[in-house]
Amino acid sequence: MASFCAARTFHIPAMNAGVLRRRALWAAGIGGASVAGAALLRSCSSKRSVPFASMSLSTHTRIKEAVQTEKAPAALGPYSQAIKANNLLFVSGVLGLVPETGKFISDNVEDQTEQVLKNMGEILKSGGANYSSVVKTTILLADLKDFKKVNEIYAKYFPSPAPARSTYQVAALPLDAKIEIECIAAL
């Protein structure tokens with residue numbers, strides 16, 4: 001029925017409902033349209049315009065909510081630590097800064113990676129998620145030769161199945177960081 005409504009909204013010729021009803025007989029279990037389906041059909045067949053729902057993100061505050069915690073470094077620019085939208089949590093790139101001082105924990109990639117993941121954990125917790133709900137990460141490295149060192153630390157934080165991941169070497173990172181990680185978590 002939803003495809004029928006979408007077809008009417010975009011003026012696409014509708015499919016033969018009789019064929020669909022016969023094919024859906026086994027799934028419906030009743031051989032005909034349900035009461036809800038009939039109501040949907042009536043609402044779609046009226047002369048008035050039917051709004052079409054989309055999966056796009058919106059700036060409406062009920063759709064998009066900023067997440068902020070004092071337990072992780074503040075954003076360095078005009079962006080949020082994380083955004084909740086459509087049952088997902090989008091965590092901005094996190095650096096290995098100590099939240100209380102705003103300075104890097106040290107100059108080596110191992111310490112920065114550990115601190116990045118601790119900071120990320122605090123942002124995830126503040127947004128109602130955790131490491132096991134992360135579905136995608138992106139790692140930005142100042143030097144790809146640090147890949148193995150980062151992997152050893154990263155593996156301690158993400159349970160199996162590990163999230164999908166991309167890793168890139170970049171020309172430079174904010175404040176000359178050695179590593180930055182961003183992620184997306186399911187809520």
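Residues are numbered from 1 along each chain as its sequence is written, and side-chain values use heavy atoms, with hydrogens and water left out. Because the model is predicted, local features need pLDDT of at least 70 and side-chain atom pairs count only at pLDDT 80 or more, whereas totals for chains, interfaces and linings use all residues.

Helix α5 (residues 109-126) packs against helix α6 (residues 147-157) at an angle of about 25°, and their axes lie 9 Å apart. Axes are lines fitted to C-alpha atoms, for helices over the stretch in contact, and angles run from 0 to 180 degrees between N-to-C directions. The angle therefore makes α5 roughly parallel to α6 (roughly parallel denotes angles under 35 degrees). Helices (H or I, at least four residues) and strands (E, at least two) are DSSP runs, numbered from the N terminus. The crossing of α5 past α6 is right-handed, a crossing being right-handed if the near helix is turned clockwise from the far one by less than a right angle. On the α5 side, the contact (heavy atoms within 4.5 Å) is made by V109, E110, T113, E114, L117 and K118; α6 contributes K149, V150, I153, Y154, K156 and Y157. The residues of this contact comprise six nonpolar, one polar and five charged.

Q112 also belongs to helix α5. With a relative accessible area of 1%, Q112 is buried (under 20% relative accessible area, with a 1.4 Å probe and protein chains only). The Q112 side chain reaches the backbone oxygen of S106 at 3.1 Å. Beyond neighbours within four places in sequence, Q112 is in contact with G96, F104, I105, S106, D107, A177, K178 and I179.

In strand β4 (residues 134-141) lies V135, which is partly exposed at 42% relative accessibility (between 20% and 50%). When neighbours within four places in sequence are set aside, V135 is in contact with P163, A164, I184, A185 and A186. P161 is located in the loop between α6 and β5 (164-169), and the peptide bond from S160 to P161 is cis, with omega near 0°.

Positive phi values occur at two further loop positions. N87, in the loop between β2 (82-85) and β3 (88-94), has a positive phi of about 60° although it is not a glycine. N87 is exposed at 59% relative accessibility (over 50%). L175, which is not a glycine, has a positive phi of about 60° and is placed in the loop between β5 and β6 (179-186).

Technical notes
Parallel < 35°, antiparallel > 145°, perpendicular 65-115°, else oblique. Nonpolar A, V, L, I, M, F, W, Y, C, P; charged D, E, K, R; others polar. Polar contact = N/O pair within 3.5 Å; in protein donor to acceptor, adjacent residues only side chain to side chain.
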